[in-house]
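Here is a short report on one protein model.

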Amino acid sequence: MQTENNYVQKDRFIILSISGGVGKNIAATALAKALKEKYPDYALVVLTAWKEAWIHNPYVYRSYVFNNAPYFYSNYIKDKDVKIFSLEPYQTEGYILKKEHLLKSWFELCGLEYNGEMPELFFNQREVEFVVNNYTKNDPIFLIQTHGGAQTDMKHSWMRDLPIDIAQQVVNHFVGQTRIIHVRRPDQLALQNVETFNGSIRELFVLIKLSTRRLFIDSMCQHAAAALGMKSTVAWIRNYPHVLGYEIHNNYVSDAQDEIDTLDFSLLEPYDIQGNVTQCPFKEGTKLFDVSSLISSLTS
């Protein structure tokens, strides 16, 4: 790695601007090493809403939050030798038609060859010690994320969130065997007989690294687990692991069939990830997952 002074003297910068949530940012970390390998004489600067995914990344010179980046243009763009990657992989044909993984679409947008690169997260020693001392205390942890997404009026997305009754049945099987920690927003549906995670995003990343069992949906936790090499059970309803998931996980795709035609106002994709209620194609009582299969995956 070059020194900071070398970076500044050359005034050569790669700007990677990322819109979207924590999970998307974790996925985007797969780009960092590839961009630095293609442009070794340029310093990589990340502009994002979620700096937490980029802390201690050895390929990143600086990372900034959108609403707190004073003098960004003057420091990194004006009169500089700069390469700007402000691209939206969710709007590519490959992603919309579910032809390929999101990362492959993103790499191609950036003019990079995708060779199966994975996201990466990095920590210092004290971050890990803090979580051990304040969360795990070396107890076995079962970590479960049932809901994802930013805070909206939709507190449950039928399209990707794990039905709370199914999650509760899984939890009930493990009560008394392990500490169970539930990852959710305060406004989202709660589980019984669990602890609620109330720490920071960085602490959550480390907790994933230290946990014994993990049951996730297509949200930030499954991306973080993949970045940390932590095999997890991931439940999928109408998103797809070949597009947004990782082979490291046990990916359980619901085999429930669409029973109602709800595509009247669908545009580029059939369903809104936020869980538009009128788009749900399942009849009342449709079984989305087999509880015993999820439990088996978590105990194997």
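## An exposed lysine and its partner

K287 counts as exposed because its relative accessible area is 57%. The classes are these: buried means under 20% relative accessible area, exposed means over 50%, and partly exposed lies in between (1.4 Å probe, protein chains only). The side chain of K287 meets that of D290 in a salt bridge (3.5 Å, N to O). A salt bridge here is a side-chain nitrogen of Lys or Arg within 4 Å of a carboxyl oxygen of Asp or Glu. D290 is partly exposed, with a relative accessible area of 34%.

This is a predicted model: local features need pLDDT of at least 70, side-chain atom pairs count only at pLDDT 80 or more, and totals for chains, interfaces and linings use all residues. Residues are numbered from 1 along each chain as its sequence is written, and side-chain values use heavy atoms, leaving out hydrogens and water.

## Other salt bridges

The whole structure holds 14 salt bridges. One of them joins D81 to R12 through their side chains (3.5 Å, N to O). D81 sits in strand β4 and R12 in strand β1, so this pair ties together parts that are 69 residues apart in sequence. Helices (H or I, at least four residues) and strands (E, at least two) are DSSP runs, numbered from the N terminus. D81 is partly exposed at 32% relative accessibility. R12 is partly exposed too, at 29%. A network of salt bridges links R12, D41 and D81.

R185 and D187 also pair through their side chains (2.9 Å, N to O). Is R185 buried or exposed? R185 is buried, with a relative accessible area of 14%.

## The four-strand sheet

Four strands form an open sheet in the order β3-β2-β1-β4, with parallel pairing. Two strands pair if DSSP finds at least two bridges between them. The edge strands, β3 (62-65) and β4 (81-85), each pair on one side only. Neighbouring strands are turned by 20 degrees against each other on average, direction ignored.

Strand β1 (residues 12-18) runs parallel to β4, and five bridges join them. I15 has I84 of β4 as its bridge partner. Helix α2 (residues 22-38) packs on this sheet and touches β1, β2 (43-48) and β4. Contact means heavy atoms within 4.5 Å. The direction of α2 makes about 160 degrees with that of β1. Axes are lines fitted to C-alpha atoms, for helices over the stretch in contact, and angles run from 0 to 180 degrees between N-to-C directions.

## The six-strand sheet

An open sheet of six strands has the order β7-β6-β5-β8-β9-β10, and its pairing is parallel. Its edges are β7 (195-196) and β10 (250-253), each pairing on one side only. Three bridges join β8 (residues 213-217) to β9 (residues 233-236). F216 stands opposite V234 in β9.

Helix α9 (residues 220-227) lies across β5 (141-145), β6 (179-183), β8 and β9, at about 130 degrees to β8. Helix α11 (residues 291-299) lies across β5, β8, β9 and β10, at about 135 degrees to β8.

## A buried threonine

T146 lies in the loop between β5 and α7 (164-174). T146 counts as buried because its relative accessibility is 0%. Which side chain does T146 join in a polar contact? The partner is H182, at 2.7 Å. A polar contact is a pair of N or O atoms within 3.5 Å; within protein, one must be able to donate a hydrogen and the other to accept it, and residues adjacent in sequence count only if both atoms are side-chain atoms. Leaving aside neighbours within four places in sequence, T146 touches residues including D161, L162, I164, V183 and I217.
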